[in-house]
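Thanks for coming. I have one structure to go through today, so please look at the screen and follow along.

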Amino acid sequence: MKSDRTRDYILHEGVVTALKGGQVEVRIERTPSCQGCQAAGLCKAAKGGTSLVTATFQGEEPRVGESVTVQASVGQGLRAALWAYVAPLLLLVAVLGLTVALTHNEGASALTGIGSVAVYYLALHRFGGRLFKGLSFCVRR
């Protein structure tokens with residue numbers, strides 16, 4: 001008997017927009033099913049609009065314009081949410097608390113906290129490729 005393991009994955013319908021050396025670029029649009037998804041609060045696609053995702057595929061190469069399903073594990077989505085939302089929040093709170101305790105100047109502390117988060121996101125953008133090597137999307141037909 002086969003069990004349904006779709007709860008272990010975040011699935012999105014999309015359309016192949018380009019082929020890039022063994023990978024495909026897929027345009028994902030928000031669907032009504034996003035509202036009932038467990039990961040809707042963490043997922044970029046559930047926020048509305050469209051997003052582009054680069055994914056791998058197995059078997060025959062999909063064609064441009066073909067409808068496909070993009071899948072990622074829920075664990076990968078939670079790990080990405082940790083680095084994108086939780087870590088900068090903790091950094092902001094830590095820097096804000098430390099600078100208020102040291103300087104007793106709330107305005108300067110707020111600017112320092114916001115600046116530290118900005119530096120964090122710049123570093124994440126610059127070095128995030130190494131961090132997210134294990135984060136991958138796969139195309140299913």
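In which helix is Val86 found? Val86 sits in helix α1. Before going on, note that this is a predicted model.

Let me start with the overall layout. The chain has 2 helices and 5 strands. Reading from the N terminus, the order of the elements is β-β-β-β-α-α-β. The chain is 141 residues long, and 27% of those residues are buried.

Now back to helix α1, which covers residues 74–103. How far apart are its end C-alpha atoms? They are 42 Å apart. With 30 residues at 1.5 Å a residue, α1 should span 44 Å, so the two values agree. The helix does have a kink, of about 40°, centred on Leu82. Just after α1 comes His104, which takes a positive phi of about 55°.

Which residues of α1 are buried? They are Gln76, Ala81, Ala87, Pro88, Val95 and Thr99.

Val86 belongs to a nonpolar patch, together with Leu82, Tyr85, Leu90 and Tyr121. Together these residues have about 480 Å² of accessible area. Helix α1 gives the largest share of the patch, 4 residues.

A search of the whole structure finds 1 aromatic pair. Why is this pair, Tyr120 with Tyr121, called edge-to-face? The ring centres are 5.5 Å apart and the planes stand at 70°; planes over 60 degrees apart count as edge-to-face, so the pair gets that name. Are these two tyrosines buried or partly exposed? Tyr120 counts as buried, at 16% relative accessibility, whereas Tyr121, at 37%, counts as partly exposed.

Last, the charged side chains. How many salt bridges does a search of the whole structure find? The search finds 1. In this salt bridge the side chains of Lys20 and Glu25 meet, at 2.9 Å from N to O. Lys20 is partly exposed, at 41% relative accessibility. Glu25 has a relative accessible area of 17%, so Glu25 is buried.

That is the end of my part.

Notes:
Residues are numbered from 1 along each chain as its sequence is written. This is a predicted model: local features need pLDDT of at least 70, side-chain atom pairs count only at pLDDT 80 or more; totals for chains, interfaces and linings use all residues. Side-chain values use heavy atoms; hydrogens and water are left out. Patches are made of residues with over 30% relative accessible area and no salt bridge: like charges are joined within 9 Å, nonpolar side chains (Val, Leu, Ile, Met, Phe, Trp, Tyr) within 5 Å. Accessible areas come from the Shrake-Rupley method with a 1.4 Å probe; for residues, only the protein chains shown count as cover. A salt bridge is a side-chain nitrogen of Lys or Arg within 4 Å of a carboxyl oxygen of Asp or Glu. The expected span of a helix is 1.5 Å times one less than its number of residues. The bend at a residue is the angle between axes fitted to the seven residues ending there and the seven starting there. Buried means under 20% relative accessible area, exposed over 50%, partly exposed in between (1.4 Å probe, protein chains only). Rings of Phe, Tyr and Trp (its six-membered ring) pair if their centres lie within 6.5 Å; planes under 30 degrees apart count as stacked, over 60 as edge-to-face and the rest as tilted.
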